[in-house]
Each structure stands twice: as structure tokens, then as C-alpha cells.
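Please find below a short briefing on selected features of a predicted model. The points are grouped by topic.

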Amino acid sequence: MGRITLDKVTKSFGDVEVIPPLDLTIEDGEFTVFVGPSGCGKSTLLRLIAGLEDITSGQIRIDGNDATSVPPARRGLAMVFQSYALYPHMSVRKNIAFPLRMAKLDQAEIDRRVEGAASVLNLADYIDRKPGQLSGGQRQRVAIGRAIVREPAAFLFDEPLSNLDAALRVGMRLEISELHKRLETTMIYVTHDQVEAMTMADKIVVLRAGHIEQVGSPLELYRTPRNLFVAGFIGSPRMNLISGPEAEKHGCHTLGIRPEHIEVSAEGGPWSGVVGVSEHLGSDTFFHIHDTGLDETITVRADGEVGFSHGDRVSLTPREDVMHRFGADGLRMA
Amino acid sequence: MARTVTARRKAINTAIAWTIGLLIFFPILWTILTSFKTEAEAIASPPSFLFFDWTLENYAVVQERSNYMRFLWNSVIIAVGSTILGIIIAVPAAWSMAFVPSKRTKDILLWMLSTKMLPAVGVLYPIYLIFIRMGILDSRAGLVVVLMLINLPIIVWMLYTYFKEIPGEILEAARMDGATLKSEILYVLTPMAIPGIASTVLLNIILAWNEAFWTLNLTAANAAPLTAFIASYSSPEGLFYAKLSAASTMAIAPILILGWFSQKQLVRGLTFGAVK
């Protein structure tokens, strides 16, 4: 079981309030991702849940029990750190066994669980090596192994993939997702990478300056961002946010349209502009269109085969049915 | 552009380094040489450097007149005992300063170091009286405590700098893994800090071994270490240079040998953290 409830939790460092009163419930078995720009308080929030920082006021409940002043070791949570935080003087086996040793399990049980974790994570071949002899991805697996042997109520991940190279990151992303499917344990995952957030999460919590901007499934956030911040943060490339006369024409203060919802053609659309930089990804091409008469550069996502080049005059057709309308207060209009 | 070091320049640097090294080592070398001379040769003018009749006579006399082993044993107990006691007290102190610093941690560290700037003789009288009252004058236990206190600031400072190098996340991981404070220090922090602790131990054994002020003033016969052994050859007999040299050589030999074999560890320890 692992249902975590935050009730009016706040955190201040001295006079600086980094987390204003915040309420959040994470359901048992849910994969929740905290996402936001750096300095938004997502890591602090995770550390508050872990118990590595004390909350200033409010209450944290784990499975209904008040855990506010319970030390981290007895909250039944396991954490995977960005730096892996392996014990450098211990072999892989001893690293994984450490939490079990601390829990004073008998040796046979420790061996059984360590072997189990090692085979799940393909660590068996280097179980007697020291962390210094492992690659980044292997170290990350050891850190995860150390977390799973405890059979915790919930896993906490603090940007676990940001030290890995891009290819490895994709692989580990899948592994963690698969692990979640298999264990069905609550996982809380902190990242600034919205691709990780979108692909892994059951539920995304978007944070800014300690405030929750929106909570929802990845597709909810993508389809119906609650405000301009979420609209700009979720989705890559970023949503085009247009204000001025064009927005007024659509009855709003700011008009949002995602790059993938604009069609680019030689002529015939309501907007037109000049192609600036094109980014070719192979499968897709991102065109940055200037001189559209709108107040910002419009980014368009087109098929990789669409062949316009720098300086070409093009015509743009936005899809009316997936436009996002925001009021002067930045909130989504119904 | 990388700085180029010419062969000529390298040779000059090497020569300068050797000259400075030999100058620093010369008094010790001279003491050792003198210990193998007769008393007459020891005060001969001009002094002979290597070409004299080597003799072990001084060592025989010194050995005959005083019980070297007893002084040596006292030195070992005092140096090792005070260092171990110091480490036991300093590890938790340095842990808390490095990992849960308060607003005043830096001040406390400086204050601790400032006690080293106080002339020792300034507190001799009160400490002497305390020793008399407690009946620990001329006892090894008393000296172990005093030398531990004298060196504690340095032990704490050294350990503090080593602990600062250890990433806090690893200790947090231990906490998440269910380690109590004791297990965290015992199984995670200490093994990781072994190189630092080792050089702290070595340096403090050397400092305690060489400490003369307190050992001379607080001991008489029972607890007297090798410093007192040397001192006993300097005063009453007048200028018996050769025997004094032999006694000195015997007193410094153990620590010199220890230092020689552990120099790699010492240098590494003292420059630890200087380059990341």
C-alpha cells in the first residue's frame, strides 16, 4: 500500500517560503511525476515526502497514518537519487543488501531478495564489483535494486536519469515504466524533462514556484492545459501563444495553437509568413515562421518530407477545433 | 599554450629542492652522526663529517644508564592512546559540523583553532593544580587526556575537511535505507573517510609523540615518555654531546621510521580535497 496525502504542507528556508500551502493526494499504485522548471520546488517537495527535510507546517500522511514527524527510515519509502548515491566502498551485492541489513533480516532472506533484485535488473554479472567499476546505467540499476529489495510503500525518484546519456535515458525510462507495471507500487518521480513526464506518468503534477499549476493525466494536460504556464510547459516544441488582434478575433486574450496543429502549404491558408530556421529531425521538420503579422514567431511541425527552405513564403492553416483560448488572467476559457 | 619546462630548468629546480631538503634535514643528520662519535670527536674543532672512528659506545652507555624500553612504552601509550581517544570524540563532532551545520559552526571551528594559539604555559598552573587534586600527576592516563585535548582541534579540523568531501546524498541514502545515526557513521561515513582518518591518526601520533611541554612538566618518573628521556641527558652532566645525540636518535627513530613508511599516506591526507 502506498497512498500519500499532503495536507496544507508548507516549507520555508529561513524567511523564504519555497512551498506555499499545498494539498495533494497520490493514490496507491499511481505513477506520479512532479515536473516544472528548475527551482520550482519539485525536489524539495519530494524530500519533504521522504522526510529528508522537515515540513514547516501541515501534515503528510502515508496510508492514512500521520508521517509528519516520522524519520525517513521508518516511512517505508525508498529513494533513488540523481547522483545514484551508491556506497562506494561496498560491492553491488552489499549495496543492495544494505537496507535489509539495517532492517536486521536474517542472512538467508537477505540473499534471497538480493538475488531476486539482481536478476530482475540484470545485475547478476557484476554483483561483486564496486560501484566505481560500473557504467552510469549500471549504477542507476544498482540504485534501483537497492530501492526495490525493501519492498517499500512507495518509490521516490529524484531526477534519476539526468546523468545518463540520451540513448541510455530512453532505455532506463522504459525499464522504470516496466518495473512500475510489474510491481504496481506507488512511484513519485521528479523531472524537469517533460518527455519523461509525458511518457511515464499516470498523473503529472506541474509545479511553478512551489504552487501546483495543474494535476492531471498526460493527455489531459496536453489537451486542456488549465493556464498559460501549463500550455507553454507541456508539449514539445512549445505551443504557439498568440495575443493581439488575432486572439481577439477568436474571442480571447491569448490564443494557443500547438505546432502540430498547424498545416503548412504553399498557399491557401489564413496566415502567411516567411520560413526562418528549419529543424530537420528526419521524421518531422520544425519550421520557424517569421513575418506572419502575428506577434510572435510561429513554430510549425510538419512531416519530414515537406520541403520548404529558408526564405520561402508559406501559408499556414491552424486547426480551429484544437485551439486553446486563454483569458486576460492567463486561465483557460471554457 | 602549455608552459614548457626545459631540461635545464628542471635540473636547477631539482638542485634547489635537494638543497632545501638537505638543509632542513641537516640538524637531524648531524645528531645521528654525532651519536656515533666519541665525546672528544663530538666537540672537535673543526668537526669531522664522516671520517671518524665510528663507535656504538654511546648507545651502550645510554642503554646501561636508563631504561629506554620503559620510556618508549610510555611514548607509545601516550601517543596512540590520546589519538584513539581524540578520534572517538572528533568523528561525531566533525560529522555534525560537516553535515548538520548550524549558524555558528564556522565560529566554533575557528574558536577551537584559536585555543591552539594560546601559549601552553599560560594554562600550565591551573592544569598542574587539577592534576595534583585528581592525583593523576605523573600518570599515563593524565597525559593521554591532556594530549588528546591539545590535539583535538586539529583532529576535528582535519576530519571536518575530509567529511566535507563526502557527498551528503550518500548519507541521505543511508538514512532512507533505514540506517540509524550510529549505523550511518559506522558503516557508511567512516569507511568512506578511511584515507582521511588514517592520515589524521598518523599526524596526531607524530604530534603527540613529539609533544614536549606537557610531557616534561606533568611527568616525573613513572609516566615519562621519550621526550623526558632526551631531556634527562641534557642538563646535569653538562655537555655530553655524543650521549645526548645517541639518546635523541633513539627517541626519534621510531617516529622517523613510522613517518618514512607512511609518507605517501600523510602527503595524500594533507593535500586531500585540494584538487577535485
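Asn122(A) counts as exposed in this predicted model, because 12 C-beta neighbours lie inside 10 Å and a residue with 12 or fewer is classed as exposed. The residue sits in the loop that runs between helix 3 (107-120) and helix 4 (136-148) of chain A.

- Between Asn122(A) and Gly145(A), the C-alpha to C-alpha distance is 9.9 Å, with 23 residues of sequence separating them.

**Helix 1 of chain A**
- Helix 1 (residues 42-50) of chain A has eight of its nine residues buried, so the helix is largely enclosed by the rest of the structure.
- The buried residues of helix 1 of chain A are Lys42(A), Thr44(A), Leu45(A), Leu46(A), Arg47(A), Leu48(A), Ile49(A) and Ala50(A).

**Domains of chain A**
- Chain A is split into domain 1 (4-227) and domain 2 (237-326).
- The centres of domain 1 and domain 2 of chain A, taken over C-alpha atoms, are 38 Å apart.

**Contact between chain A and chain B**
- Chain A contributes 17 residues to the contact, and chain B contributes 14 residues.
- On the side of chain B that touches chain A, helix 8 (168-176) and helix 9 (181-192) of chain B each supply at least two residues.
- Helix 8 of chain B gives the most to that side, with six residues.
- By class, the side of chain B that touches chain A comprises eight nonpolar, two polar and four charged residues.

How values were computed
Residues numbered from 1 in each chain as written. Chains lettered and ligands numbered in written order. Predicted model: local features only at pLDDT ≥ 70, side-chain atom pairs only at ≥ 80, totals over all residues. Helix = DSSP H or I, 4+ residues; strand = E, 2+ residues; numbered from the N terminus. Buried ≥ 20, exposed ≤ 12 C-beta atoms within 10 Å, placed from the backbone. Contact = placed C-beta atoms within 7 Å. Nonpolar A, V, L, I, M, F, W, Y, C, P; charged D, E, K, R; others polar. Domains from an automatic or database assignment.
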